[in-house]
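Subject: Structure handover

Hi,

Here is the structure I promised to pass on.

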Amino acid sequence: MSDDPARSSEATGQPLPGEDLPVDVPVLHAEIRALLKAVREEGRSLVRQWEGSLHQPDFRPGAENLACYLALRHRDLRPLQRPLMLLGLSSLGRLESRVLPVLESVERALAALAGRPAEEPLVSPAAFFEGERRLAERTRAVLGPASPQRPVHLLVTCPSEAADDPAFMRKLAERGVEAVRINCAHDGREAWQRMIAHVRTAEAATGRRMKVIMDLGGPKIRTGEVRVAGAHRVAEGDRLVVTAPGGIGAVAPEWVRASVECTLGGVLGMVRPGERLFIDDGKLGASIERVEPWGVVARVTAAAGGSVKLKPEKGINFPDTDLHCAALTDQDRQDLDFVAQHADGIGYSFVQSAQDVALLQEELERRRPDDWRSLSLILKIETTRAVRALPAILTRAAGQQPTAIMIARGDLAVEIGFARMAEMQEEILWLGEAAHVPVIWATQVLERLIKKGAPSRGEMTDAAMAARAECVMLNKGPYLHRAIAELDSLLGRMDEHQHKKTPRLRRLRSW
């Protein structure tokens, strides 16, 4: 079948080659049998590769299902889907949590239609929907029991003021918020301790348990000192120099338009000419022309609004560069002394490999040798390298302790491009469901409503799409509680219409 959507039969009104022919049921049955056999064998082989990480028995079914899902999705299934649909069977489009049960059920149905004995036993209802149950259990393990207010968990970022405002946590508990997030990149231990104390006080007053998730800061790749000639703005075509901390004085001002320090200078030795860099959430983009001992020279290729003012403390992304930075900094290790003793879960920034996960788990074992596996781990997927390694990262983490995936859409969008981001957030949702691991939909959810008091149309649609995740993260802002109320209503409505990728066909009331 054509890869071009514009050439589909729906678009043209004409059948594609072969679509107007009857379905050969025996041939289709043989194809599904062969597919099922291959998926089982490849799935078992992949699980054997992960064996050393699977210490949690309750994750093994998720790992096995994930392995089968990856084996299945390494194939183009489109030629099978339309014939299956024509026969009134599953198109294989909603099997993330139950790969083998769906394939087995389809095989039995095709065998009956072909007048042949089925090779697969009848799948029980409990076995068929077991993946959904396991996903719900693992969501509770990471984020706590679901609130009756909504079908999706909420994770709310604590502002600095929450350390001195007990009412903030009390309001969250009253609204049924399941978890709060403390960012270790801000405030300090005394403030964190007060925030957690306010959480526990709010729990006692309301009877509502709230999980405390503490995000490690991770390596900070940000702008430092900035020097810009003329109007202090940088435009397309300008030359830009990026140096290590303290190196900005080595750049001759007469031949460069702008220069900026990178707080993690070591990464500059990893980049290559032709690779891209972005500053300030992608507002400024540049292509690296050459690498020097003191830094890199780049040419600005894009500037939001025509020109961008360079500022300190803005993020720098190198999406084409294979960055080998330690995911745990010295500061993270110091913070872990507190986090491991006081948090229910840990948000892991800049995780890029299974080895990064192993490094954190070793640090947790040193601090809590008897029960470190009871701590939840939130994997923040924010780089291209992390996306590529996600199955290995996921199995290493969830094979040892309760785990969730956070789609860190801000950094990830800059890394892989905004168009690819729309696609990738779907794929991460699918992988999480296949592994029976919850996914957190994060970054700028209802951002305008939270900060300005009124939502945009686009962000309401985005928030509605978030209903397919197990949890939505909201950031801080003056209208946070209004946003929670709006989200409760929206998610409740969406739950009547959709569960994950499956439409729910309740009676329509508008017509």
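Predicted model: local features only at pLDDT ≥ 70, side-chain atom pairs only at ≥ 80, totals over all residues.

Helices (H or I, at least four residues) and strands (E, at least two) are DSSP runs, numbered from the N terminus. With that in hand, here is an example: Leu155 stands opposite Ala179 in β2.

Residues are numbered from 1 along each chain as its sequence is written, and side-chain values use heavy atoms, with hydrogens and water left out.

Now the barrel. Eight strands close up in the order β1-β2-β3-β13-β14-β15-β16-β17, with parallel pairing. On average, neighbouring strands of this sheet are turned by 25° against each other, direction ignored; axes here are lines fitted to C-alpha atoms, for helices over the stretch in contact, and angles run from 0 to 180 degrees between N-to-C directions. If pairing is new to you: strands of a sheet pair through backbone hydrogen bonds, either parallel or antiparallel.

Let's walk around part of it. Strand β1 (residues 153–157) is joined to β2 by three bridges, and to β17 by four. Leu155 also stands opposite Met473 in β17, and Val156 has Leu474 as its bridge partner there. β16 and β17 pair over two bridges, with Ile440 partnered by Cys471.

Which way do the side chains of β1 point? His153, Leu155 and Thr157 go one way, Leu154 and Val156 the other, and all are buried. (Buried means under 20% relative accessible area, exposed over 50%, partly exposed in between, with a 1.4 Å probe and protein chains only.) Strand β17 (residues 471–474) does likewise: Cys471 and Met473 point one way, Val472 and Leu474 the other, and all are buried. The general rule is that in a regular strand the side chains alternate between the two faces of the sheet.

On to the helices and loops. Helix α15 (residues 418–434) lies across β14 (376–381), β15 (403–408) and β16 (439–442), at about 175° to β15. Thr383 sits in the loop between β14 and α12 (384–388), and counts as buried because its relative accessibility is 6%. Not counting residues up to four places away in sequence, Thr383 touches Phe350, Gln352, Leu412 and Glu415; contact means heavy atoms within 4.5 Å.

Finally, the largest pocket has a volume of about 1,600 Å³. Of the 48 residues that line this pocket, the closest to its centre are Arg222, Asp281, Gly410, Asp411 and Thr443. On a 1 Å grid over the protein atoms alone, a pocket is an open set of points with protein on both sides within 12 Å along at least five of seven lines, a cavity is a set where a 1.4 Å probe fits but cannot get out, and lining residues have an atom within 4 Å of a point. Grid points are joined across faces, edges and corners, and a volume is the space filled by probe spheres set on the points. The largest share of the lining, six residues, comes from α14.

Cheers

Key: Pairing = 2+ DSSP bridges.
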